[in-house]
There are 4 protein chains.
Amino acid sequence: MNFASDNTAGMAPELMAALSQANVGFAIGYGNDALTRDVERRIGEFFDHEVAVFLVPTGTAANALSLAHLTPPWGAVLCHENAHIMTDECGAPEFFGAGLKLIGLRGENGKLTPDTVKNAVARYSGHVPHQVNAASLSITQATEAGTIYRVDEIAALAKVAHVQGLPVHMDGARLGNALARMNVTPAEATWKAGVDVLSFGATKGGAMAAEAVVFFDPARAAGMAERRKRAGHLLSKHRFIAAQFEAYLKDDYWLTLARHANAKADALTEGLRAVDAKIVWPVEANIVFALLPTVLDAKLKAAGAAYYVRSNAMAGDDVAIEPDHVLVRLVTSFATQDSEIEKFIGLVQRG
Amino acid sequence: MNFASDNTAGMAPELMAALSQANVGFAIGYGNDALTRDVERRIGEFFDHEVAVFLVPTGTAANALSLAHLTPPWGAVLCHENAHIMTDECGAPEFFGAGLKLIGLRGENGKLTPDTVKNAVARYSGHVPHQVNAASLSITQATEAGTIYRVDEIAALAKVAHVQGLPVHMDGARLGNALARMNVTPAEATWKAGVDVLSFGATKGGAMAAEAVVFFDPARAAGMAERRKRAGHLLSKHRFIAAQFEAYLKDDYWLTLARHANAKADALTEGLRAVDAKIVWPVEANIVFALLPTVLDAKLKAAGAAYYVRSNAMAGDDVAIEPDHVLVRLVTSFATQDSEIEKFIGLVQRG
Amino acid sequence: MNFASDNTAGMAPELMAALSQANVGFAIGYGNDALTRDVERRIGEFFDHEVAVFLVPTGTAANALSLAHLTPPWGAVLCHENAHIMTDECGAPEFFGAGLKLIGLRGENGKLTPDTVKNAVARYSGHVPHQVNAASLSITQATEAGTIYRVDEIAALAKVAHVQGLPVHMDGARLGNALARMNVTPAEATWKAGVDVLSFGATKGGAMAAEAVVFFDPARAAGMAERRKRAGHLLSKHRFIAAQFEAYLKDDYWLTLARHANAKADALTEGLRAVDAKIVWPVEANIVFALLPTVLDAKLKAAGAAYYVRSNAMAGDDVAIEPDHVLVRLVTSFATQDSEIEKFIGLVQRG
Amino acid sequence: MNFASDNTAGMAPELMAALSQANVGFAIGYGNDALTRDVERRIGEFFDHEVAVFLVPTGTAANALSLAHLTPPWGAVLCHENAHIMTDECGAPEFFGAGLKLIGLRGENGKLTPDTVKNAVARYSGHVPHQVNAASLSITQATEAGTIYRVDEIAALAKVAHVQGLPVHMDGARLGNALARMNVTPAEATWKAGVDVLSFGATKGGAMAAEAVVFFDPARAAGMAERRKRAGHLLSKHRFIAAQFEAYLKDDYWLTLARHANAKADALTEGLRAVDAKIVWPVEANIVFALLPTVLDAKLKAAGAAYYVRSNAMAGDDVAIEPDHVLVRLVTSFATQDSEIEKFIGLVQRG
């Protein structure tokens with residue numbers, strides 16, 4: 001019953017196999033190998049667009065490198081107040097961005113609305129050079145609340161941003177989960193909707209440590225090679241990070257993995273609803289937020305269930321949490337088994 | 001005939017196997033798993049000392065994190081002018097260190113002497129607050145010239161540094177190769193000789209991407225967890241980086257790998273000497289620098305030999321390079337085959 | 001009718017005279033002159049405490065240097081959401097602090113309460129190393145709302161901060177105005193109440209460009225000389241910045257100046273109240289916030305009155321602003337004349 | 001006998017007077033006042049070119065802001081090894097430039113040659129993204145050795161730089177002294193010779209604290225207003241820094257002041273040569289380097305002469321310093337009196 005995070009799972013079998021297959025002979029280092037060239041091409045095909053790709057080992061690196069590249073040190077990144085960059089990266093964007101500022105905005109269901117962004121841009125514009133001005137927008141797909149931005153929602157946000165000259169970054173640590181839920185192409189969910197730079201995550205989806213910064217306008221990537229290197233994020237034995245992506249994308253393996261994770265989240269949700277547990281936000285990816293009695297929480301933990309209790313602050317104004325309840329986050333992955341879910345729901349049912 | 005770098009080799013078999021073995025079940029992320037705990041303990045045993053350990057995916061990260069932790073932004077790191085941190089990390093120490101300064105010093109055979117360090121400390125001391133002052137010393141083991149610091153040499157350098165209050169960092173990207181050459185313990189070659197913080201590399205030795213920042217005084221590591229996270233160097237599926245180190249250290253596997261690499265470098269050296277090629281620096285690890293005729297260099301490349309020609313600047317005052325010769329660097333690894341060496345020497349012999 | 005800011009005034013006469021007096025003969029540069037030594041001593045006397053003093057030309061420098069010195073790059077500074085460091089320094093604290101984070105907190109009348117700080121510390125504690133943790137507290141005296149913290153309020157805030165290990169910084173750009181209003185000593189209003197580091201401003205009070213970073217624990221100032229120099233804030237002809245402070249403190253001149261400014265703010269307030277204008281926040285220093293009809297605002301501007309209209313966002317939840325009204329900020333200074341106030345009130349009265 | 005530095009002098013009388021004159025009435029802050037507008041226009045006229053001007057209080061700020069603006073964090077600034085930015089600014093360029101690197105180059109008489117720059121550019125080019133690449137050139141006028149670059153020398157250096165895409169920065173802390181010596185216009189000595197951005201110093205020339213960053217291509221200045229503000233270098237009572245420049249430029253006052261200083265340096269030189277003291281570098285501005293017997297040095301100091309002894313390292317290969325001699329630096333200013341020189345020479349003569 002491990003629902004602590006999708007990063008508690010290991011590597012998906014095909015990715016593990018890909019590492020073995022890549023481990024043959026010599027390959028020139030630092031991303032100049034054939035496998036890397038190939039995976040860069042494949043990522044371009046995946047998104048049906050010319051791209052500049054930079055593979056890195058962590059999502060924090062992908063996000064921080066992207067935001068530092070899009071935002072001057074005296075600029076602000078607009079994002080949701082619960083965004084990973086805001087709450088879980090220990091100030092990486094600020095560090096990489098030489099002191100840029102993150103402005104955390106409220107939004108129901110973990111999502112920003114065009115009006116919220118418009119107001120924030122208005123507030124953080126002008127009064128130059130005294131005030132840090134809004135300089136980029138970062139949205140998370142799927143969100144930290146386990147919801148997803150639909151294509152038209154992304155497009156509406158991007159429109160507001162672009163009108164003001166702000167490029168749009170998408171933290172796609174769980175992009176696979178979001179795509180699996182929607183009947184749209186990767187292109188439609190990203191650049192066609194206005195995303196300029198994407199942190200395309202494979203780690204949570206089944207890789208060991210593989211994330212890609214994808215620029216849909218390669219010209220914008222000038223200097224990014226140096227930025228990545230200087231941050232220590234250019235792997236010498238680069239073929240192994242490429243191999244992970246290659247296997248992740250091959251034969252829509254990413255989709256198989258994401259669908260599995262999402263289906264398990266749906267099963268959890270269904271099971272919880274059946275026993276009248278309150279589900280906090282729409283379950284649209286592989287994350288379920290539920291309100292559970294404090295007593296039950298203790299029993300579940302005692303029975304070996306692994307998951308995190310989130311602070312009430314995260315719930316914000318979206319939901320009232322009764323004093324004897326806690327907000328729990330349950331994350332599924334490609335590795336989640338039906339038996340885990342059944343056991344968990346059984347425990348909840350017994351209360 | 002791949003002598004371009006020890007990072008053109010893949011993973012050593014036992015490390016590849018370790019990844020598979022680690023890929024079972026769930027494990028809590030971000031280094032809180034049992035395997036990480038275990039490997040931290042083992043690294044302590046390896047060095048026979050209490051340690052604080054931070055695993056990261058690249059050597060650049062290990063070095064930059066270490067130096068930023070030891071040196072205030074207004075301090076200078078003393079190092080050899082050809083040190084990796086000086087020439088091949090695109091300013092990572094300066095970035096991580098909020099603008100600290102590297103002072104590159106000359107030294108024969110890629111090594112610093114106590115006098116050189118003493119003079120540099122004298123030059124970069126006082127005149128406060130106008131001048132950046134020497135604040136730490138970084139030495140490389142094995143050096144970029146393929147030589148090694150003997151234990152008494154390290155101790156002499158550390159003594160000079162410590163007298164002035166400078167902590168000592170060792171870039172041990174090839175520490176295994178150095179240890180394999182000397183008949184000393186890891187403890188003798190590091191903290192017993194005065195090393196305070198070590199970048200302990202496994203990648204060049206046979207790992208995929210695994211380096212450890214080792215503090216021999218754990219108290220000095222306060223804040224390092226945040227520093228690593230904020231730099232994007234805390235892997236979520238941390239067990240896999242731990243697994244590499246576990247296998248690397250188990251049953252002295254690192255030593256087997258390093259001895260192989262060193263032996264191949266010796267074989268290359270012997271072969272080159274036999275055909276009167278000039279060897280530039282003592283071959284004490286797994287790197288051979290030789291002077292080859294420009295014409296021969298072209299032939300070798302045409303025949304498929306992979307290696308780098310280094311600028312004459314690197315040779316410095318140590319050696320005169322005739323105009324029709326080039327300085328070539330040949331690096332061996334755990335994966336180097338005798339057949340490669342024989343073929344290479346054969347080509348050199350035919351001229 | 002210039003109420004735009006207290007920095008639209010020039011230099012108070014005694015400070016201008018002090019520059020002339022200091023302009024005799026040679027003086028060793030960079031703060032090693034006798035006048036600087038003397039003013040450092042006088043500042044210690046002023047606060048009745050041993051201090052380490054660093055004079056700088058701007059308040060932004062004083063604040064950013066202080067906060068960077070008190071807060072690690074992975075730490076957060078807690079402050080009011082309308083604090084100058086948050087809204088008017090273009091990210092200087094983040095720049096000087098290598099990417100530290102500011103957490104803007106709400107608070108009535110421009111002031112923070114102990115509960116607000118306690119909650120923020122609770123929210124930004126733990127979850128290490130993923131989350132930036134609260135690491136220092138910065139309060140502004142007088143506040144941006146023109147209110148002041150009473151001694152017991154400062155003490156209560158400092159107590160909450162200190163319990164959690166957070167040092168307390170005071171942005172005292174208008175400390176003189178606050179002190180002039182309260183019947184307390186400089187010591188009582190600062191270190192005795194728990195302030196650790198103070199940005200002591202003289203510029204708004206009547207200097208040309210003179211601010212002092214004051215450490216009440218000199219040991220905490222280690223490295224600050226280098227930090228200031230490296231930020232370009234160590235004046236070479238340092239005697240002139242010292243001369244300003246000397247004259248500012250001599251014979252309680254600062255108090256004379258501050259009382260004048262405060263009295264003019266009181267006169268403005270009285271005049272506005274007499275004509276039924278809504279005063280937004282208690283007028284406790286030299287700043288008056290009032291709600292004026294949009295039509296009147298235009299007339300006043302047309303008649304030559306200089307002041308700023310502030311965004312409704314600043315008012316926050318404290319006050320409702322009717323659609324046909326604007327929030328205006330009126331700042332008085334040592335140079336404000338009765339005639340200006342009379343003329344302004346007259347215009348308001350005529351509506 | 002104060003020859004310690006030109007910053008030990010106070011303000012030149014006309015500049016002091018200008019402060020008084022500027023101290024009338026109210027003026028909008030932060031550089032939006034009429035006087036600032038006027039001085040910006042005058043600086044354009046002075047250089048006979050459209051310019052973007054940013055006034056700051058210190059030369060370190062002017063240099064660091066300029067270099068950070070011209071150089072990416074992964075770029076290197078080429079400069080003389082004895083340049084002020086290299087030895088006396090405590091790493092300000094590295095701090096402002098988010099960790100950029102300075103490459104100190106050797107050069108006789110404190111000056112760089114085109115060949116030296118060409119070689120450095122060759123060494124610090126390519127090997128991307130591993131190596132920091134040369135990204136800008138900074139030259140000092142007059143140099144730290146008291147020599148000056150002639151117009152054709154600047155042009156030759158700029159040509160080498162521009163061919164490689166490196167913009168040229170001039171640290172003109174003593175530009176007035178250099179111009180006073182040469183029979184050329186400010187335009188000829190700067191943008192016409194290829195200077196892109198200039199730190200135009202008035203402080204050493206007779207101001208209190210006034211330096212201007214001058215962009216000869218205003219488009220290149222985008223973002224500089226924010227950069228200055230965020231560094232704490234935008235003075236609120238900006239009129240007073242403008243007033244200093246206004247007076248400095250009016251009626252060629254700067255030239256009068258610089259000629260005085262230069263003439264006094266010439267007199268010193270003549271006097272020293274007459275008594276057989278060794279002058280180290282050509283005296284082309286207001287700085288004299290001489291070799292004096294250690295015994296004499298002690299006598300001079302005892303008699304009240306103020307000046308600095310420089311380390312032998314500064315002399316470099318240019319000059320051999322006998323063991324019983326020291327390298328002394330004597331700086332004159334607008335305030336230097338004939339009587340001081342006569343007394344000093346008299347003391348030297350008596351030995």
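How much area do chain A and chain B bury between them, and what share of it is on carbon and sulfur atoms? In this predicted model, chain A and chain B bury about 4100 Å² between them, with 60% of that area on carbon and sulfur atoms. On the side of chain A, the residues that lose the most area to chain B are A:Phe26, A:Arg230 and A:Lys237, which together account for 20% of what that side buries. The contact draws 51 residues from chain A and 51 residues from chain B, and the count of salt bridges between these two chains is zero. Chain A can be laid on chain B by a turn of 180 degrees with a shift of 0.0 Å along the axis, giving an RMSD of 0.0 Å, and that is the relation of a two-fold axis. Because 100% of the interface residues of chain A are also interface residues in chain B, the copies meet through the same surface.

The pairing of chain A with chain C was examined in the same terms. A rotation of 180 degrees, with 0.0 Å of shift along its axis, superposes chain A on chain C with an RMSD of 0.0 Å, and the C-alpha of chain A nearest the axis belongs to A:Gly99, at 2.0 Å from it. Here, too, the same surface serves both copies, as 100% of the contact residues of chain A recur in chain C. The contact takes 21 residues from chain A and 21 residues from chain C, and the area buried between the two chains is about 1700 Å², of which carbon and sulfur atoms give 46%. Of the area that chain A buries against chain C, 30% is supplied by A:Cys90, A:Lys101 and A:Arg123, more than by any other three residues. Two salt bridges are counted between chain A and chain C; the side chains of A:Lys101 and C:Glu94 meet in a salt bridge with an N to O distance of 2.6 Å.

Strand 4 (residues 133-140) and strand 5 (residues 168-172) of chain A pair in the parallel sense over four bridges, and A:Thr140 has A:Asp171 of strand 5 as its bridge partner.

In chain C, strand 2 (residues 75-80) and strand 3 run parallel and are joined by five bridges, with C:Leu102 in strand 3 as the bridge partner of C:Val77. Four of the five residues of strand 3 (residues 101-105) of chain C are buried, so this strand is largely enclosed by the rest of the structure.

D:His130 is buried, with a relative accessible area of 9%. Apart from its neighbours within four places in sequence, D:His130 is in contact with A:Tyr30, A:Lys229 and A:Leu234, and also with B:Thr87, B:Asp88, B:Glu89 and B:Cys90.

Over all chains, the count comes to 52 salt bridges. One of the pairs, B:Glu153 with B:Lys111, has an N to O distance of 2.9 Å and links distant parts of the chain, 42 residues apart, with B:Glu153 in helix 7 (residues 151-163) and B:Lys111 in the loop between strand 3 (101-105) and helix 6 (114-123) of chain B. B:Glu153 is partly exposed at 29% relative accessibility, whereas B:Lys111 is buried at 13%. In chain D, D:Arg150 forms a salt bridge with D:Glu284, the closest N and O atoms being 3.6 Å apart. D:Arg150 lies in the loop between strand 4 and helix 7 of chain D, and D:Glu284 in the loop between strand 8 (278-279) and strand 9 (287-293), so the pair ties together parts that are 134 residues apart in sequence. D:Arg150 is partly exposed, at a relative accessible area of 32%, while D:Glu284 counts as buried at 15%.

Technical notes: Residues numbered from 1 in each chain as written. Chains lettered and ligands numbered in written order. Predicted model: local features only at pLDDT ≥ 70, side-chain atom pairs only at ≥ 80, totals over all residues. Heavy atoms only, no water. Least-squares fit on C-alpha atoms with pLDDT ≥ 70 in both. Contact = heavy atoms within 4.5 Å. Pairing = 2+ DSSP bridges. Helix = DSSP H or I, 4+ residues; strand = E, 2+ residues; numbered from the N terminus. Buried < 20%, exposed > 50% of the residue type's maximum accessible area, 1.4 Å probe, protein only. Buried area = accessible area lost by both parts, 1.4 Å probe. Salt bridge = Lys/Arg side-chain N within 4 Å of Asp/Glu carboxyl O.
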